[in-house]
Amino acid sequence: MKKVLALLFTIFLFVSCGKKEETKENIIRIGGNAEYKPYEYLENGKVTGFSIDVVFKIFENLGYKIEYTNMSFDGLISALQSGKVDVLTGLTPTDERKKYVDFSERYYVGKQMAIANKDNPIASIEDLKNKKIGVQIGTLQENLAKNIEGAKVVSYNSFTGAILDLNQEKIDAIIISSEVKNEYLANNPKLYEIGRVEDNESKGIAIVFPKGSDELREKVNQEIEKMKKSGELDNLVKKYFGE
C-alpha cells in the first residue's frame with residue numbers, strides 16, 4: 001500500500017510540474033504605456049485601444065496567455081532588455097532603437113502633428129522655429145522637435161503635463177501623433193492643430209522584441225500579414241481612427 005501511495009505521489013508531482021512548466025511557457029509578458037488614446041489607454045481600469053487589440057490578438061492566435069504591464073514610456077526599452085517583459089506593444093522602429101531591440105513588421109503608419117494655443121497662435125509649421133516645443137521624453141516627436149531650427153525642446157514624462165503647460169502658455173506648441181492629438185483637442189477647446197510635421201523617421205508602429213528573438217518575431221510577422229490579408233487590421237483601423 002505504501003509503495004502504491006508513493007508511486008501515485010510521484011506521478012502527481014510529475015504531472016503537476018509538467019503542467020506548471022507548460023503554463024509558464026505559454027505566458028507572454030507584454031509591456032506598454034497606456035497613455036496613448038486611441039492606441040493604448042485605460043478605460044474603467046482595463047487597458048484597451050488599437051495597439052492592444054492588434055497585439056493581444058496576435059499572441060492569442062499564437063496560443064499565449066497574456067500578462068500586461070503598464071509602465072512609463074521612457075522605461076519601456078530598459079524593461080524589455082532586463083527581462084521584466086517579453087515584448088512591447090509598439091514603438092516606431094527608428095535606426096537608433098534598432099541598435100538595442102528588434103522590431104516586427106509595421107502594423108500601422110501614422111502622422112506627426114503640431115498643436116498650439118489659440119491665445120498664442122502659430123500660423124504654420126515653419127513658424128515653429130525658435131519656439132518652445134513640448135514632447136514626451138524618449139519619443140519620435142522628441143527627435144523631430146530637436147531638428148527644428150532654434151527650438152527649445154521641453155520633455156515631459158507624459159503628454160498630460162505638456163497639454164497642461166500648453167493651456168497655460170508655458171510652452172508654444174506640442175508635437176504629437178495625429179491620432180492621439182484628437183482626444184486632447186476634443187477636451188481642450190483652446191488648442192488647435194497647426195499642421196503636419198514632416199519627417200524621415202516616421203516608419204509606423206511595430207511590436208518590439210529583445211535582440212535575438214528571430215523565431216518569435218517571424219511568427220508574429222506571419223500573424224500581422226494574416227490580419228492584413230483578412231481585412232481584420234483594416235477593421236481595427238476604422239474602429240479606432242475612423243475612415
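Student: Does Asn130 count as buried or exposed?

Tutor: A residue is called buried under 20% relative accessible area, exposed over 50%, and partly exposed in between, with a 1.4 Å probe and protein chains only. Asn130 counts as exposed because its relative accessibility is 58%. The model is a predicted one, in which local features need pLDDT of at least 70 and side-chain atom pairs count only at pLDDT 80 or more, whereas totals for chains, interfaces and linings use all residues. Residues are numbered from 1 along each chain as its sequence is written, and side-chain values use heavy atoms, with hydrogens and water left out.

Student: Which residues does the cis peptide bond join?

Tutor: The cis bond joins Lys37 and Pro38, with omega about 10 degrees. Pro38 belongs to the loop between strand 2 (35-36) and strand 3 (40-43).

Student: How many residues of strand 11 are buried?

Tutor: Five of the five residues of strand 11 (residues 173-177) are buried. Ala173, Ile175 and Ser177 point one way from the strand, Ile174 and Ile176 the other way, and all are buried.

Student: What is the strand order of the open sheet of five strands?

Tutor: The order is 5-1-6-13-7, with mixed pairing. Strand 5 (65-70) and strand 7 (101-108) are the edge strands, each pairing on one side only. From one strand to the next, the twist averages 30 degrees. Angles run from 0 to 180 degrees between N-to-C directions, and axes are lines fitted to C-alpha atoms, for helices over the stretch in contact. Contact means heavy atoms within 4.5 Å. Helix 7 (residues 214-230) packs on the sheet, touching strand 1 (27-32), strand 6, strand 7 and strand 13, and its direction makes about 5 degrees with that of strand 7. Within the sheet, two bridges join strand 6 (residues 87-91) to strand 13 (residues 205-210), which run antiparallel; Leu88 has Val208 as its bridge partner in strand 13.

Student: How is an aromatic pair described, and how many does the search of the whole structure find?

Tutor: A pair of aromatic rings is described by the distance of the centres and the angle of the planes. Rings of Phe, Tyr and Trp (its six-membered ring) pair if their centres lie within 6.5 Å; planes under 30 degrees apart count as stacked, over 60 as edge-to-face and the rest as tilted. The search finds 12 aromatic pairs. In one of them, Phe50 and Tyr108 are edge-to-face, 5.4 Å centre to centre with 65 degrees between the planes. The pair links distant parts of the chain, with Phe50 in helix 2 (residues 50-61) and Tyr108 in strand 7, 58 residues apart. Phe50 counts as buried because its relative accessibility is 0%, and Tyr108 counts as buried because its value is 14%.

Student: Which residues do ring pairs link into a cluster?

Tutor: The cluster consists of Tyr39, Phe50, Tyr107, Tyr108, Tyr240 and Phe241.

Note on methods:
Pairing = 2+ DSSP bridges. Helix = DSSP H or I, 4+ residues; strand = E, 2+ residues; numbered from the N terminus.
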